[in-house]
Amino acid sequence: MLALVIGAIVADTVYRAGPKQRTDLPVYLAGSARVLSGADPLYARSSRGWPYVYPPTLAVLIAPLRPLPIRLSAGLWCLLSLGVLALGLRRYRTQELVSGSAGVPKPPGEGSLAAPDPPDPSRVRWELWLPLVLVTLPLLSGLLRGQVGAILLGLGLWAWCDLRAKRDLRAGVLLALCAAIKLTPLLVIVGLCCARRWRALGGALLGLLLFLVVLPLPFLGLRGTANTLGNFTERMILRPLQDPGGHNMTSNLTHVPQNQALTSLAGRHLEGAPKGVAFAFLGLLVLLALARTTYRLDLSSYGLLWGVPLLVAPVAWHHHHVVAFFSLALLAARRARVTLALFAVLALLHFAVKDLRPYGLLAAGTLIALVVSALPLRAESSEDAPGTLEAKALAPSAT
């Protein structure tokens with residue numbers, strides 16, 4: 001059955017990559033062509049006029065697909081994405097079976113000396129498959145369009161498991177690869193600093209140097225690499241920070257109704273003081289996510305670091321919301337059925353009713369999931385909080 005599902009996904013992906021090219025893969029290949037010729041890939045365009053708006057890393061990594069027919073490239077890219085996601089999910093499942101739930105403190109009355117119950121395989125399956133089902137529509141949308149969401153989710157899951165297992169150096173490198181492929185996971189690396197996970201932060205900084213500088217260096221040269229990264233920083237980081245509601249941030253499609261970023265929604269629907277208040281709220285979300293990480297790097301704060309950029313970035317299409325998986329996994333562990341059902345309904349309405357997309361239902365569902373996952377399950381005493389499994393697994397590194 002699973003083989004039939006995978007075959008159907010790959011077949012649809014290959015079909016979409018046909019003459020009409022209803023996929024983002026040609027955008028990546030256009031950026032790759034620019035990098036391999038020694039030119040800045042930013043705003044390279046596909047045959048449909050879609051721009052390349054990523055760091056040069058992705059353009060270099062995808063270069064082996066350029067000589068192949070577009071449909072073959074699309075099929076291989078889809079299989080690679082599914083493979084990375086499958087590895088991340090398997091690693092997550094294995095880690096949970098070994099360590100138990102990462103997001104739920106012990107019930108009242110069980111102090112720090114209480115031995116943890118052995119992990120329940122049925123509970124682990126619930127906490128794995130339920131959030132995966134809830135992000136199925138964003139996941140399928142990304143896979144069929146050749147997007148990188150499945151790869152980011154797989155790498156992010158692996159990095160989370162490494163953080164829990166105290167393999168901080170590798171976790172940092174994996175998160176650096178995510179941020180070098182797509183900018184928004186950069187907030188997770190900032191969170192490592194707030195959490196005082198210095199070894200993981202060091203791995204992330206080394207990874208960023210490797211993936212952003214060393215990897216494109218043979219094609220762009222030292223000056224070309226510096227110019228490319230400087231151009232990307234100015235256009236994709238500084239400009240949105242200076243004018244988060246501005247038009248044409250990445251293309252003329254920035255403020256179309258399908259964009260589920262709250263910055264875009266505020267820019268489309270608000271003016272004057274209400275718009276300023278909305279942007280101040282979004283800035284506060286970032287600060288709160290980092291503050292939560294300073295308190296404890298658990299699945300709640302990890303999910304916030306992945307999820308908040310979906311709301312504050314200039315552009316967040318619905319397939320980007322696949323990384324809401326982390327917060328949904330915590331909610332599944334806490335049996336937050338009402339919140340999970342609300343997210344499912346809002347996501348389904350967004351995908352099923354096209355006329356509702358301008359109102360940001362998917363963004364609202366993600367925001368609700370993030371807020372509820374950030375709330376403490378119960379008041380934790382100073383005695384039993386350090387004894388919880390999550391605190392033991394994710395205490396700040398001494399190195």
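1. The structure, which is a predicted model, holds one cavity of 30 Å³ or more. The space in the largest cavity comes to about 140 Å³.

2. Which residues lie nearest the centre of the largest cavity? They are Lys182, Thr184, Leu310, His320 and Val323, out of 16 residues that line the cavity. Helix 14 accounts for the largest share, namely three residues.

3. The lining of the largest cavity can also be described by residue class. It comprises 11 nonpolar, four polar and one charged residues.

4. Helix 14 (residues 299–312) packs with helix 13 (residues 272–295) at an angle of about 165°, and the two axes are 9 Å apart. Because angles over 145 degrees count as roughly antiparallel, helix 13 is described as roughly antiparallel to helix 14. The crossing in which helix 13 passes helix 14 is left-handed.

5. The residues of this pair may be listed from each side. Helix 13 contributes Leu282, Leu285, Val286, Ala289, Leu290, Arg292 and Thr293. On the side of helix 14, they meet Ser300, Ser301, Leu304, Leu305, Val308, Leu311 and Val312. In terms of class, the contact of helix 13 with helix 14 consists of 10 nonpolar, three polar and one charged residues.

6. Helix 15 (residues 325–333) and helix 16 (residues 337–352) pack with their axes 8 Å apart, at an angle of about 140°.

7. Five of the residues in the contact of helix 15 with helix 16 are nonpolar and one is polar, with no charged residue.

8. The volume of the second largest pocket is about 570 Å³. Its lining is made up of 19 residues, and Leu2, Leu85, Leu89, Trp129 and Leu132 are those nearest the centre of the pocket.

9. Which helix gives the most to the lining of the second largest pocket? Helix 4 does, with seven residues. At least two lining residues are supplied by each of helix 1 (2–16), helix 4 (70–99), helix 5 (121–134) and helix 6 (136–144). Divided by class, the lining of the second largest pocket has 15 nonpolar, two polar and two charged residues.

Conventions
Residues are numbered from 1 along each chain as its sequence is written. This is a predicted model: local features need pLDDT of at least 70, side-chain atom pairs count only at pLDDT 80 or more; totals for chains, interfaces and linings use all residues. Side-chain values use heavy atoms; hydrogens and water are left out. Axes are lines fitted to C-alpha atoms, for helices over the stretch in contact, and angles run from 0 to 180 degrees between N-to-C directions. Helices (H or I, at least four residues) and strands (E, at least two) are DSSP runs, numbered from the N terminus. Angles under 35 degrees count as roughly parallel, over 145 as roughly antiparallel, 65 to 115 as roughly perpendicular and the rest as oblique. A crossing is left-handed if the near helix is turned anticlockwise from the far one by less than a right angle, and right-handed if clockwise. Contact means heavy atoms within 4.5 Å. Ala, Val, Leu, Ile, Met, Phe, Trp, Tyr, Cys and Pro count as nonpolar, Asp, Glu, Lys and Arg as charged, and the others, Gly among them, as polar. On a 1 Å grid over the protein atoms alone, a cavity is a set of points where a 1.4 Å probe fits but cannot get out, and a pocket is an open set with protein on both sides within 12 Å along at least five of seven lines; lining residues have an atom within 4 Å of a point. Grid points are joined across faces, edges and corners, and a volume is the space filled by probe spheres set on the points.
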